[in-house]
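Work through the exercises below with the model open. Each one gives a task and then a solution in steps.

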Amino acid sequence: MNENKKTPEFKASEEGLIFEISKEGRRGYCIAPSELDRDPSATIPKRYLRQEPLPLPQTSEPDVVRHFTRLASLNYSKDGGFYPLGSCTMKYNPKAYEYIASYANFEDTHPYQPEETCQGNLEILYEMEQFLAEISGMDAVSLAPAAGAHGELTGMLIIRAYHLSKGNLRTKVLIPDTAHGTNPASTAICGYKVVEIKSDKNGMINPNDVERLVDEETAAIMITNPNTLGIFEAHIDEIADIIHKKGGLVYMDGANLNAIMGISRPGDFGVDVMHFNLHKTFATPHGGGGPGSGPVGVKKELEPFLPIPRIAKESEGFRFIYDRPLSIGRVKTFYGNFSVILRAYAYIREMGGEGLRLASEMAVLNSNYIRSKLKNHYHQSYTTDTLHECVFSDKYQQQYGVKTLDIAKRLMDYGLHPPTIYFPLIVHGAIMIEPTETESKDACDEFINAMISIAKECEAAPEIVKGAPYTTPRRRLDEAGAVREPRLKW
Ligand SMILES: *Cc1c(COP(=O)(O)O)cnc(C)c1O
């Protein structure tokens, strides 16, 4: 692979804007000359007619198709290759669910349609709530939130409403230092102060620390289990007891549910509120900013606070219920991202309970296979057993002047998407790998071999790794600059 270190002279992948291929007079359609001669003001009042022509690119149909096909080929996707982004659970999405989601019966329903005319859709939503409740051990589920972070916000609003109903809002929420950034953000938006819990040397929360930090002002603990090191919080039930004794609630960030489906249930280990990331755990499209779905599950006592509407099954059929005085209100127009929920529903129906459990077991197996093959080449800050993802760092490579970013960029020259880097924050130079269950041993081996080869390059020729990538249309981008000063116009 070392021969890849030079940039090719000619880059077929260099693609400009469509305006750059515009040529005066080219068009992608034919209109009969007699039609073109017609005076538009005969049908449209003159004051609505544009005075100047629209400044659109002038291109033929093949020009347009080729332009966008070339652009699409620059996009790395799960359909194109291994995508080991830790914490993100980049599963392959079976095409059958896309087909189901495109059924006219689903696609053509209008959200304002009378309930009696879309009973099938409501039945799917109702059943989906039951499935998620069963998988998680929670008592009631709302499918309304549109993403994980939105689920967190909804869950925290429920916790807030619960404490308010008891007469004291309380002021703070305990969050481990391994948490995803959205956890403290959602908490802060709800007006709570975030109190950080430090992980112990095993990469877990120690019940003694929780005992020391919790008091009557603690509204909740917000915990991710397994956590973002891929480690199952072994003391979770003890921690839940400590929080409950002080009148607080246990929120679980369920983004990592793919590690424990059909094996252990948050509702059984003391969780009161949690969110699911359907787009991570249940094979629905994911990435590029959406769409997502972040249902929230709660224990019975919190059910009255769930967002409206709720779906009820009554003798005459399914209907939405809005009259719920304790509800936190609406969090989303209509009832969640239906087409995403639909794909997740199809996935759960196809997999069944045993299939979901097998998926988790395979995800854990793949991650542990990669971990055991890489542990002699990359440093691990925590040696505790891990589930579906594993975290390394650049500690061994630092002596050659190579950093995690360099390793990630070099992986692109091997045709692979880099893992998540520099997260979780408690691991300096973190490299966080999550293969998911849909990867074969061959795919895992290809990734392992690339990582080992890069580790060897770091020793033998670190400057190659530090200069990577060489094979991509652009080399090192100023990512922060692109965010701060985006150039959106040519
Ligand atoms: C992805 C993720 C979130 C946020 O979920 P979104 O659907 O991206 O909003 C929260 N916590 C963890 C641990 C995650 O991995």
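Helices (H or I, at least four residues) and strands (E, at least two) are DSSP runs, numbered from the N terminus. The model is a predicted one.

**Exercise 1. The chain as a whole**

Task: State how many helices and strands there are in the chain, and what percentage of its 490 residues count as buried.

Solution. 
- Step 1. The chain has 15 helices and twelve strands.
- Step 2. Buried means under 20% relative accessible area. By that cut-off, 49% of the 490 residues are buried.
- Step 3. Along the principal axes, the C-alpha atoms fill a box of roughly 80 × 70 × 40 Å.
- Step 4. Among contacts with a separation of 6 or more, 71% are between residues 24 or more positions apart.
- Step 5. The chain carries 54 positive and 64 negative charges, and their mean positions lie 5 Å apart.

**Exercise 2. Cis peptide bonds**

Task: Find where Pro309 and Pro469 are placed, and state what kind of peptide bond joins Ile308 and Pro309.

Solution. 
- Step 1. Ile308 and Pro309 are joined by a cis peptide bond, with omega about -5°.
- Step 2. Pro309 belongs to the loop between strand S7 (296–298) and strand S8 (310–314).
- Step 3. Ala468 and Pro469 are also joined by a cis peptide bond, here with omega about 5°.
- Step 4. Pro469 sits in the loop between helix H14 (462–467) and helix H15 (479–484).

**Exercise 3. Strand S5 and its partners**

Task: Determine how many of the residues of strand S5 are buried, and how S4 and S5 run.

Solution. 
- Step 1. Strand S5 spans residues 249–254, and six of its six residues are buried.
- Step 2. On one side of S5 the buried residues are Leu249, Tyr251 and Asp253; on the other they are Val250, Met252 and Gly254. Both faces are therefore covered, given that buried means under 20% relative accessible area.
- Step 3. S5 is joined by five bridges to strand S4 (residues 218–224), and the two run parallel. Met222 stands opposite Tyr251 of S5.
- Step 4. From S4 the chain passes through helix H9 (residues 236–245) to S5, in a right-handed β-α-β crossover.
- Step 5. Strand S6 (residues 273–276) is joined to S5 by four bridges, again parallel. Gly254 has Phe276 in S6 as its bridge partner.

**Exercise 4. Glu314**

Task: Which residues does Glu314 touch, not counting residues up to four places away in sequence?

Solution. 
- Step 1. Glu314 lies in strand S8.
- Step 2. With 27% relative accessibility, Glu314 counts as partly exposed.
- Step 3. Beyond four places in sequence, Glu314 touches Arg319 and Ile321.

Terms used:
Residues numbered from 1 in each chain as written. Predicted model: local features only at pLDDT ≥ 70, side-chain atom pairs only at ≥ 80, totals over all residues. Heavy atoms only, no water. Buried < 20%, exposed > 50% of the residue type's maximum accessible area, 1.4 Å probe, protein only. Contact = heavy atoms within 4.5 Å. Lys, Arg positive; Asp, Glu negative; His and termini not counted. Charge placed at Lys NZ, Arg CZ, Asp CG, Glu CD. Pairing = 2+ DSSP bridges. Right-handed = clockwise from strand over helix to strand, strands pointing away.
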